[in-house]
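Take a look at the protein below before you read on.

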Amino acid sequence: MRLLTLRTGNGTTTGTVAVRQDGATLTEIEGFANVGDLLKDPSWEAVAKAAAGATHPLEGADLAPVVPAPGKIICVGHNYRNHIKEMGRDVPEYPTLFAKYAESLIGPNDDLALPQESDAVDWEAELAVVIGRTGRRISEADAAEHIAGYSVLNDVSMRDYQFRTIQWLQGKTWEKSTPFGPALVTKDEFTAGPLMTSAVDGEIQQSTPTSDLVFTPEFLVSYISTIITLNPGDVIATGTPGGVGHAQDPKRYLQEGQVLVTTIEGLGQLKNRVIKEA
């Protein structure tokens, strides 16, 4: 099952609604403003399957971030061996964790605005894990039961700010910098391992199977839930593979007018036009 958050407009009223994708049609899941809201219902999966609300065409749909306001966005650094190598690091014994905030998220087709303060904006394709069930100190064996599904995310990074200090947060959570979506694909329809790519103006920059993770989604759910309770709608961004612009010689960063496309086979695609911040 594929679940999305659709932006709606009706005269002077605008909002969002959770929808189920049925081929080229989106069916409203009535009573839920977005996918994150839906996941708070313990019966969310049955509710979504039974939904029979108003329908909309998928083509041309204005999609919001699939979970617009997660309670937590926890990100993992140095989690693909080829990216660890290109950045000159050692394979870590434990996950490297940092946070993003909901204000950083944009929809899968929204414009990506280059901030006035940074001229080192880089791409980072990532597999996102979305939590569907509350848990603390979850065992790795039980972790899959707490995962609602998976999505696509690009951890766009302002490298000049990221490396000002040894703490990365200031380069990782810029306002409206993180494309996320298009859909939450439930775990029964997704098997870890498909190819993940990022491309700038059609030129492939990153291309790595998601199975190349050092720390698996299940391990990350277990590890992070040891530290803090995971709740429905929380997001874990599992890290990026090799091919980032910062590691190239010469370094390459996003420029106005380019188009950044992030794809994971079986999950979908983000397509974001790069503009200058107003």
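Here is a short briefing, grouped by topic.

This is a predicted model, so a few ground rules apply: local features need pLDDT of at least 70, side-chain atom pairs count only at pLDDT 80 or more, and totals for chains, interfaces and linings use all residues. Residues are numbered from 1 along each chain as its sequence is written, and side-chain values use heavy atoms, with hydrogens and water left out.

**The sheet**

- Helices (H or I, at least four residues) and strands (E, at least two) are DSSP runs, numbered from the N terminus.
- Five strands make an open sheet with mixed pairing, in the order β8-β18-β17-β14-β15; two strands pair if DSSP finds at least two bridges between them.
- At the edges you'll find β8 (112-114) and β15 (203-209), each with a single partner strand, so one side of each has no neighbour in the sheet.
- From one strand to the next, the twist averages 20°, where axes are lines fitted to C-alpha atoms (for helices over the stretch in contact) and angles run from 0 to 180 degrees between N-to-C directions.
- Strands of a sheet pair through backbone hydrogen bonds, either parallel or antiparallel.
- Here, β14 (residues 195-200) and β17 (residues 259-264) run antiparallel and are joined by five bridges.
- Met196 stands opposite Ile264 in β17.

**Salt bridges**

- Side chains of opposite charge can pair when their charged atoms come close.
- The count comes to 11 salt bridges, each being a side-chain nitrogen of Lys or Arg within 4 Å of a carboxyl oxygen of Asp or Glu.
- Asp110 pairs up with Arg7, with their closest N and O atoms 2.9 Å apart.
- That pair links distant parts of the chain, 103 residues apart: Asp110 is in the loop between β7 (105-106) and β8, while Arg7 is in strand β1 (residues 2-10).
- Asp110 counts as buried because its relative accessibility is 17%, and Arg7, at 27%, counts as partly exposed (buried means under 20% relative accessible area, exposed over 50%, partly exposed in between, with a 1.4 Å probe and protein chains only).
- Lys172 and Asp155 form another salt bridge, again with closest N and O atoms 2.9 Å apart.
- Lys172 sits in the loop between α4 (159-162) and β13 (178-186) and Asp155 in the loop between β11 (147-154) and β12 (157-158), so this pair ties together parts 17 residues apart in sequence.
- Both Lys172 and Asp155 are buried.
- Arg252 bridges to Glu203, where the closest N and O atoms are 3.3 Å apart.
- Arg252 is in the loop between β16 (235-237) and β17, and Glu203 is in strand β15, so parts 49 residues apart in sequence get tied together.
- Arg252 counts as partly exposed at 29% relative accessibility, and so does Glu203 at 41%.
- Through shared partners, salt bridges join Lys100, Asp122, Glu124, Asp155, Arg159 and Lys172 into one network.

**Nonpolar core**

- The largest nonpolar core has 27 residues, and those touching the most other members are Tyr150, Phe190, Val221, Leu230, Ile236, Ile264 and Leu267.
- A nonpolar core is a set of buried Ala, Val, Leu, Ile, Met, Phe, Trp, Tyr and Cys residues joined through side-chain atoms within 4.5 Å.
- The elements giving two or more residues to this core are β5 (73-77), β10 (125-131), β11 and α5.
- β10 gives the most, with four residues.

**A residue at the surface**

- Ile227 lies in helix α5 (residues 217-227).
- Ile227 is exposed, with a relative accessible area of 54%.
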